[in-house]
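Dear colleague,

I am passing on the structure we talked about, together with notes on what turned up in it. Please keep it open beside this message as you read.

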Amino acid sequence: MPEYIIAIDQGTTSSRAIVFDHSGSIISTGQLEHEQILPRAGWVEHDPLEIWRNVQEVIGVALAKADLTRHDIAAIGITNQRETAVVWDKRTGQPVYNAIVWQDTRTQRIVDRLAEGLGVERFKAIVGLPLATYFSGTKIAWILENVEGAREKAEAGDLLFGNTDTWVLWNLTGGVEGGVHATDVTNASRTLFMDLETLSWREDILQEFGVPLSMMPEIRSSSEIYGVAEDSSLLRETPIAGILGDQQAATFGQAAFEVGESKNTYGTGNFLIFQTGEKVVHSRNGLLTTVGYKLGDQPPRYALEGSIAVTGSLVQWLRDQLGLIGSAPEVEEVAKTAEDNGGVYFVPAFSGLFAPYWRPDARGTIVGMTRYVNRGHIARAALEATAFQTREVLDAVNADSGVALTELKVDGGMIANNTLMQFQADILGVPVVRPVVAETTALGAAYAAGLAVGFWSGLDELRANWQEDRRWEPSMDAGETERQLRLWKKAITKASGWVDADVQ
């Protein structure tokens with residue numbers, strides 16, 4: 001009997017393969033970063049072929065590190081950066097354009113065109129999402145409208161679309177030689193095209209975007225056998241049995257399955273998910289309604305989500321664009337050289353503001369600068385921006401649900417930053433809790449795959465795996481918390497409304 005599950009985590013900055021044992025512990029990891037292609041302001045792209053090459057390589061690295069073969073692996077789970085759109089020719093396997101990343105804002109004119117006279121919430125009652133550049137739908141439309149020959153190929157039935165889960169699945173199961181073209185409900189719910197109630201593509205909405213139904217993958221549950229790895233793969237004949245979008249996967253990996261349970265992931269962006277069970281809850285406070293997960297033939301579970309575009313990527317920006325730090329972990333060391341933010345507030349609206357504002361006209365802003373300010377203050381303000389944005393999303397969740405959270409489970413790369421986690425607890429006024437296994441995104445995908453093949457018996461067994469590693473208690477004076485929030489909200493007003501007719 002195979003003793004391990006392998007998860008492929010195709011993320012925004014890197015692709016990883018992680019091997020887990022039955023206790024949910026990490027046995028080995030392979031990881032490779034891919035290029036962030038930035039052709040012009042607001043444009044963010046990835047090379048899908050580079051991603052697929054990296055996925056194959058990290059699988060080999062993870063297996064080799066643990067001295068394992070395909071015979072030791074019970075199933076493969078996939079998790080992925082959601083909303084990042086890949087369009088490719090099904091006959092050649094070649095992308096017709098680079099993947100357009102979820103952070104990309106080039107499609108604002110398409111959003112404006114679709115919203116004209118009807119508003120950005122035109123389809124929200126059906127799909128749970130406002131019209132925004134964030135989601136896959138406008139990116140597909142842009143490719144069909146701007147890539148030479150793409151429209152004709154799509155209408156002839158020769159082009160396929162997928163978020164990166166579908167791209168990896170199709171290639172892993174054979175590609176042009178019969179690859180499985182499918183996605184799960186969580187990824188489908190991020191396209192602007194899936195009816196939340198029926199879990200099927202809405203042909204009328206696809207027509208409004210000019211996207212042929214033939215391009216769309218089959219919608220499946222999050223936990224079932226979609227196919228097996230092709231013969232040329234190191235994992236040949238191993239079933240691919242779980243797919244979850246990265247944020248839903250992290251929630252699943254945190255064992256937050258039931259109504260009222262939640263988590264917050266600190267990655268490239270921040271994403272807070274609050275489970276609402278079998279009920280579709282429509283937000284009145286700037287949150288998204290999404291599918292949380294669906295296990296086989298069981299009813300779907302829904303969630304509210306607060307999406308923040310720029311958190312970890314702000315640290316990356318300080319490193320790569322400004323040279324303020326030499327490595328991402330160094331941001332904490334630099335921030336600790338300052339006792340406070342020195343009056344500086346950093347609103348990282350590089351892609352506009354996501355939840356709860358949804359202001360595409362916002363842009364990144366640093367306010368409160370004086371000659372007293374040094375690099376330590378800037379680094380601290382960058383970290384604090386993550387905590388402030390999370391507080392605003394959490395306030396929206398509390399307002400929509402009517403239930404105040406008593407603690408926040410966290411995961412993702414930034415939770416290793418103790419300075420950030422303490423400030424997060426302070427600004428929230430509730431404890432922040434980190435699990436022993438911080439790689440909850442990959443773990444969630446592994447859980448979904450393992451459930452489908454009987455590696456784990458059910459959700460109770462997964463709950464038993466979860467263990468607390470560290471807890472941060474709030475220590476900031478309530479008056480100081482309110483002062484900080486007041487100044488943050490003031491900074492938000494300075495960032496909003498920047499983009500107009502001649503500013504991009």
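This is a predicted model: local features need pLDDT of at least 70, side-chain atom pairs count only at pLDDT 80 or more; totals for chains, interfaces and linings use all residues.

Phenylalanine 135 belongs to the loop between α3 (124-127) and α4 (136-146), while tryptophan 358 belongs to the loop between β19 (345-347) and β20 (365-367), so the pair ties together parts that are 223 residues apart in sequence. Phenylalanine 135 is buried, at 0% relative accessibility.

A further aromatic pair, that of tryptophan 317 and phenylalanine 346, is edge-to-face, with 5.9 Å from centre to centre and 80° between the planes. This pair also links distant parts of the chain, since tryptophan 317 is in helix α10 (residues 312-320) and phenylalanine 346 is in strand β19, 29 residues apart. Are the two partners buried or partly exposed? Tryptophan 317 counts as partly exposed because its relative accessibility is 24%, whereas phenylalanine 346, with a relative accessible area of 3%, is buried.

Charged side chains are also found over rings. Arginine 106 lies over the face of tryptophan 142, at 4.6 Å from the ring centre, and the charged end of lysine 409 sits over the ring of tryptophan 466, 4.4 Å from its centre.

Turning to the sheet, six strands form an open sheet with mixed pairing, in the order β3-β2-β1-β5-β14-β13. The edges are taken by β3 (26-33) and β13 (223-228), and each has a single partner strand, so one side of each is left without a neighbour in the sheet. From one strand to the next, the twist averages 25°. Within this arrangement, strand β5 (residues 73-80) and strand β14 (residues 239-245) pair in the parallel sense over five bridges, and isoleucine 78 stands opposite isoleucine 243 in β14. Helix α9 (residues 246-253) packs on the sheet, where it touches β5 and β14, and its direction makes about 100° with that of β14.

Helix α6 (residues 164-172) lies across β1 (4-10), β5, β13 and β14, and runs at about 145° to β5. Nine of the nine residues of α6 are buried, so this helix is largely enclosed by the rest of the structure; among them are Trp167, Leu169 and Trp170, and also Asp165 and Asn171. After α6 comes glycine 174, whose phi is positive, near 125°.

Which residues does glycine 157 contact, once its neighbours within four places in sequence are left aside? They are Lys90 and Ser214.

With best regards

How values were computed: Residues are numbered from 1 along each chain as its sequence is written. Side-chain values use heavy atoms; hydrogens and water are left out. Two strands pair if DSSP finds at least two bridges between them. Helices (H or I, at least four residues) and strands (E, at least two) are DSSP runs, numbered from the N terminus. Axes are lines fitted to C-alpha atoms, for helices over the stretch in contact, and angles run from 0 to 180 degrees between N-to-C directions. Contact means heavy atoms within 4.5 Å. Buried means under 20% relative accessible area, exposed over 50%, partly exposed in between (1.4 Å probe, protein chains only). Rings of Phe, Tyr and Trp (its six-membered ring) pair if their centres lie within 6.5 Å; planes under 30 degrees apart count as stacked, over 60 as edge-to-face and the rest as tilted. A charge sits over a ring if NZ of Lys or CZ of Arg is within 6 Å of the ring centre and within 35 degrees of the ring normal.
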